[in-house]
Amino acid sequence: MIRNRAAVPTSRIGGKGFDRRTLLRGGGALAAAGTLAACGVPSAYVPEDKRTGVDKSEDDKSVRFSNWALYIDVDEDDEEKHPTLDAFTEKTGIEVRYTEEINDNDEFFGKIHPAIQAGKEPGRDLIVISDWMCTRFVGLGWVQTLDQKNLPNVRANLAESLRSPGYDPERKHTVPWASGITGIAYNKKLVGREIKHVSDLWAKDLAGRVTLFSGFMEAVTLLMIGEGADVTKFTEQDVDKVMERVQKLVDNKHIRSFTGNDYTSGLASGDVLACMAYSGDVLQLQLDNPDIEFVVPEEGAELWSENLMIPNRASHKANAEALMDFYYDPEIAAELAASVQYICPVPAAREIIAKNEDEEIAGLAENELMFPSDETQARLHTMREVGVDESRGWEKTWGGIIGL
């Protein structure tokens with residue numbers, strides 16, 4: 001049974017705590033680059049034959065699952081309980097030791113890398129990491145190859161649009177937990193017209209009331225798409241074009257500010273008319289203000305995901321794979337999606353949500369921000385992998401433009 005989502009606390013609205021996606025992308029490639037450089041990238045690589053450890057799954061029916069805060073369903077009466085995890089334990093006998101310890105990709109990278117580099121058991125069996133950091137984990141050989149025999153639900157039910165990301169083309173190492181869109185949000189009542197393109201943000205009557213994301217990795221994909229670039233194979237010239245555009249907008253005082261989570265408060269109050277936004281945030285904002293619209297521009301937007309991975313030497317690999325696969329049962333995926341309210345990686349969950357007795361929950365099945373149509377999916381793009389050397393220079397330039 002899908003619980004009432006009103007009982008689930010949110011963290012994504014301005015003034016109500018931190019924003020997960022800001023933390024996922026904020027600081028981004030530059031901070032990760034510095035961490036990798038400090039670790040020594042070449043020596044940090046772990047070959048395939050050094051990644052596995054002794055799997056205690058058969059004798060020790062437990063799994064240690066590290067996630068971000070407020071990224072799972074909670075019980076209506078006890079926020080310390082998670083019904084889907086309880087259902088997993090009841091079905092399999094495997095106890096889940098669930099920890100909300102991931103507050104920032106780079107911070108978590110620093111927390112886990114000593115054990116992985118030393119070839120030691122990392123103290124975690126399953127982790128959730130954002131897509132750009134997955135590139136580094138997979139590239140460094142820091143996560144184990146998944147046993148596909150243990151993932152029949154994943155193979156059967158994973159959305160086609162998420163099956164082949166650049167950082168893991170065959171999903172040998174990663175499985176999506178949830179996805180979202182970076183697009184445009186605006187107050188349609190105050191703007192007085194539709195916004196359909198990224199370039200619509202540069203209209204003169206919006207001057208001083210537009211915000212962009214402050215993180216380079218947060219902002220650059222949508223901006224490149226707006227300039228006509230193919231982000232699956234973009235070039236340095238494509239990035240330069242974005243930098244030049246944003247510098248002019250800063251010089252002309254068109255941009256009100258560069259934001260993290262605080263973009264939501266400005267949009268909610270009406271001080272900001274239009275901005276870069278995350279799909280899940282806007283779905284929450286619309287509960288209080290139906291005049292706020294989220295737009296996937298006609299030229300496209302960014303599709304991102306956070307992913308489940310099993311770190312090297314994790315000692316309950318088979319149990320972790322069982323938990324991964326459990327969340328790809330459409331019934332379980334529906335319950336999770338109704339709570340976290342980002343794009344569900346299991347399309348079959350849509351029909352289950354649509355049949356829910358709670359009309360508000362049932363209505364989520366028709367919400368493009370959770371179940372994008374085929375037409376919308378065709379306009380969603382994933383940025384190609386970004387190398388450490390590339391990102392270091394771009395982050396520095398971006399920081400100068402936005403005043404960091």
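## An aromatic pair

Phe-88 and Phe-326 are both buried (under 20% relative accessible area, 1.4 Å probe, protein chains only). This is a predicted model, where local features need pLDDT of at least 70, side-chain atom pairs count only at pLDDT 80 or more, and totals for chains, interfaces and linings use all residues. Residues are numbered from 1 along each chain as its sequence is written, and side-chain values use heavy atoms, with hydrogens and water left out.

Ring pairs have centres within 6.5 Å, and planes over 60 degrees apart count as edge-to-face. By this rule there are 17 aromatic pairs. Phe-88 and Phe-326 form an edge-to-face one, at 5.3 Å centre to centre and 65° between the planes. Phe-88 lies in helix 4 (residues 83–92) and Phe-326 in helix 13 (residues 317–326), so the pair ties together parts 238 residues apart in sequence. Helices are DSSP runs of H or I, at least four residues; strands are runs of E, at least two.

## Cluster and core

Ring pairs link Phe-65, Phe-88, Tyr-98, Trp-177, Phe-326 and Tyr-327 into a cluster.

The largest nonpolar core has 125 residues, and Phe-65 and Trp-177 have the most contacts inside it. Such a core joins buried Ala, Val, Leu, Ile, Met, Phe, Trp, Tyr and Cys residues through side-chain atoms within 4.5 Å. Helix 9 (residues 216–226) gives the most to this core: eight residues.

## Strand 7

Strand 7 (residues 274–278) has five of its five residues buried. Strand 4 (residues 175–187) joins strand 7 antiparallel, over five bridges. Strand 5 (residues 210–213) pairs with strand 7 in the parallel sense, over two bridges. Pairing takes at least two DSSP bridges. Cys-275 is the bridge partner of Ala-185 and of Thr-211.

How values were computed
Buried means under 20% relative accessible area, exposed over 50%, partly exposed in between (1.4 Å probe, protein chains only). Rings of Phe, Tyr and Trp (its six-membered ring) pair if their centres lie within 6.5 Å; planes under 30 degrees apart count as stacked, over 60 as edge-to-face and the rest as tilted.
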